[in-house]
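Please look over the structure shown here together with its sequence before reading the notes. The briefing is arranged by topic, so that each group of points can be checked against the coordinates.

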There are 2 protein chains.
Amino acid sequence: MNYSRQRELILKIVQSDMSHPTVDAVYQALRKEIPNVSLATVYRNLNLLAENGDIRKIESLDGTAHFDFNTGNHYHFICINCNKVYDIPCDVAPDVVKKAEELSGSHIISHDLTFQGICHECLKLKKN
Amino acid sequence: MNYSRQRELILKIVQSDMSHPTVDAVYQALRKEIPNVSLATVYRNLNLLAENGDIRKIESLDGTAHFDFNTGNHYHFICINCNKVYDIPCDVAPDVVKKAEELSGSHIISHDLTFQGICHECLKLKKN
DNA sequence: ACCAAAATCAATAATGATTACTATTATTGT
DNA sequence: ACAATAATAGTAATCATTATTGATTTTGGT
């Protein structure tokens, strides 16, 4: 992995962006370095990097994918007002996989916990 | 709400289907009663019924929406082998909203917890 | 019962995100 | 350096969903 200039840059862009960027945000950032890069390249490499475990893919409710350099176990909060994505630590739901496996009899490979609501920034603005 | 034949049938179809049907599955079922029904009608009414709280919309990872007649608080497990959707009771993650609100300072309106893995049916088949 | 206003419909076009395809270019092992 | 392999740019195609439009149905008031 990671032997093309495009792929290396895409990984670096995601890893230096705390804002859980969308495909298009990565594309716009990459175009500053490689102006004629193809959008298909961005899609292909983001998905490859996610499959490879270098980054994580987040599916949000509006039907667009976001990408997260933090591959550790944690959850997300998406503000329905400003669309920003925040991290939520995994200890809000301790032992959730073990409990779900016991109840369902299944083998759980992954899970996603996503909250929607109004973030504290937007709450402040609404009070004014 | 619910004064058109189409809308009533759509609600009935979802309410009598335990399998968390997709838009297309509802469309196919509805066509048996109203052969010339429009797909747009199914989309519009499923979304209206979900907004109204009569049914619940589930966004799955493959980019298609599923609909659930059970509007009570519960979670979902999706088998990556057979794509079936199973229910998981909400007590796998007690107080998760309260904890997440405290940690994030936000106002949480909704949350989704979805597990992916191999269901117990497919596990049985693989052992043979 | 009648009629105007509002809601809903069918049919289809448009949209937006994503994936597939193809010919070309870059990278790798020998 | 050279052949084999992989990745790319550019573009077309796909798929789920939403918007549009003009016709039809339902509703609420008289």
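What follows is a briefing on the chain fold, the contact between the protein chains and the surroundings of the DNA strands.

The model is a predicted one, and every value below was computed from it. Chain A and chain B bury about 2600 Å² between them, and 20 residues surround DNA strand C, while DNA strand D likewise has 20 residues around it.

**Fold of chain A**

- Chain A contains 5 helices and 5 strands, and, read from the N terminus, its elements follow the order α-α-α-β-β-β-β-α-β-α.
- Taken along the principal axes, the box filled by the C-alpha atoms of chain A is roughly 50 × 50 × 20 Å.

- The size of an interface is often expressed as the accessible area that is lost when the parts come together.
- For chain A and chain B this buried area is about 2600 Å², with carbon and sulfur atoms giving 66% of it.
- Within the area that chain A buries against chain B, 18% is supplied by A:V92, A:F115 and A:Q116, which is more than any other three residues supply.
- Chain A brings 33 residues to the contact, and chain B brings 33 residues as well.
- On the side of chain A that touches chain B, the elements giving two or more residues are β4 (85-89), α4 (96-104), β5 (107-118) and α5 (120-127) of chain A, and the largest share, 12 residues, comes from β5(A).
- By residue class, the side of chain A that touches chain B divides into 19 nonpolar, 10 polar and 4 charged residues.
- Strand β5(A) also pairs with strand β5 (residues 107-118) of chain B, in the antiparallel sense and over 11 bridges, and A:D112 stands opposite B:T114 in β5(B).

**Surroundings of DNA strand C**

- Of the 20 residues that surround DNA strand C, the closest are A:Y43, B:Y3, B:S4, B:T41 and B:R44.
- Among the atoms of DNA strand C that come within 4 Å of the protein, sugar and phosphate account for 79%.
- A sugar or linking oxygen of DNA strand C lies 3.0 Å from a polar side-chain atom of B:Q6.
- At least two residues of the surface near DNA strand C are supplied by each of α3 (39-51) of chain A, α1 (5-15) of chain B and α3 (39-51) of chain B.
- The residues of the surface near DNA strand C divide into 9 nonpolar, 9 polar and 2 charged.

**Surroundings of DNA strand D**

- Of the 20 residues around DNA strand D, those that come nearest are A:Y3, A:S4, A:T41, A:R44 and B:Y43, and sugar and phosphate account for 81% of the atoms of DNA strand D that come within 4 Å of the protein.
- A polar side-chain atom of B:Y43 lies 2.7 Å from a phosphate oxygen of DNA strand D, and an N or O atom in the side chain of A:Q6 is 2.9 Å from a sugar or linking oxygen of DNA strand D.
- The side chain of A:S38 has an N or O atom 3.0 Å from a base nitrogen of DNA strand D.
- Helices α1 (5-15) and α3 of chain A, together with α3 of chain B, are the elements that give two or more residues to the surface near DNA strand D.
- The surface near DNA strand D divides into 9 nonpolar, 9 polar and 2 charged residues.

**A residue in helix α3 of chain B**

- B:A50 has its place in helix α3 of chain B, and, not counting residues up to four places away in sequence, B:A50 touches B:I55, B:K57 and B:F67.
- Between B:A50 and B:T71 there are 21 residues of separation in sequence and 9.2 Å in space, C-alpha to C-alpha.

Terms used:
Residues are numbered from 1 along each chain as its sequence is written. Chains are lettered from A and ligands numbered from 1 in the order in which they are written. This is a predicted model: local features need pLDDT of at least 70, side-chain atom pairs count only at pLDDT 80 or more; totals for chains, interfaces and linings use all residues. Side-chain values use heavy atoms; hydrogens and water are left out. Contact means heavy atoms within 4.5 Å. Buried area is the accessible area (1.4 Å probe) that two parts lose on being put together, summed over both. Helices (H or I, at least four residues) and strands (E, at least two) are DSSP runs, numbered from the N terminus. Ala, Val, Leu, Ile, Met, Phe, Trp, Tyr, Cys and Pro count as nonpolar, Asp, Glu, Lys and Arg as charged, and the others, Gly among them, as polar. Two strands pair if DSSP finds at least two bridges between them. A residue is near a molecule or strand if one of its heavy atoms lies within 4 Å of it. A polar contact is a pair of N or O atoms within 3.5 Å; within protein, one must be able to donate a hydrogen and the other to accept it, and residues adjacent in sequence count only if both atoms are side-chain atoms.
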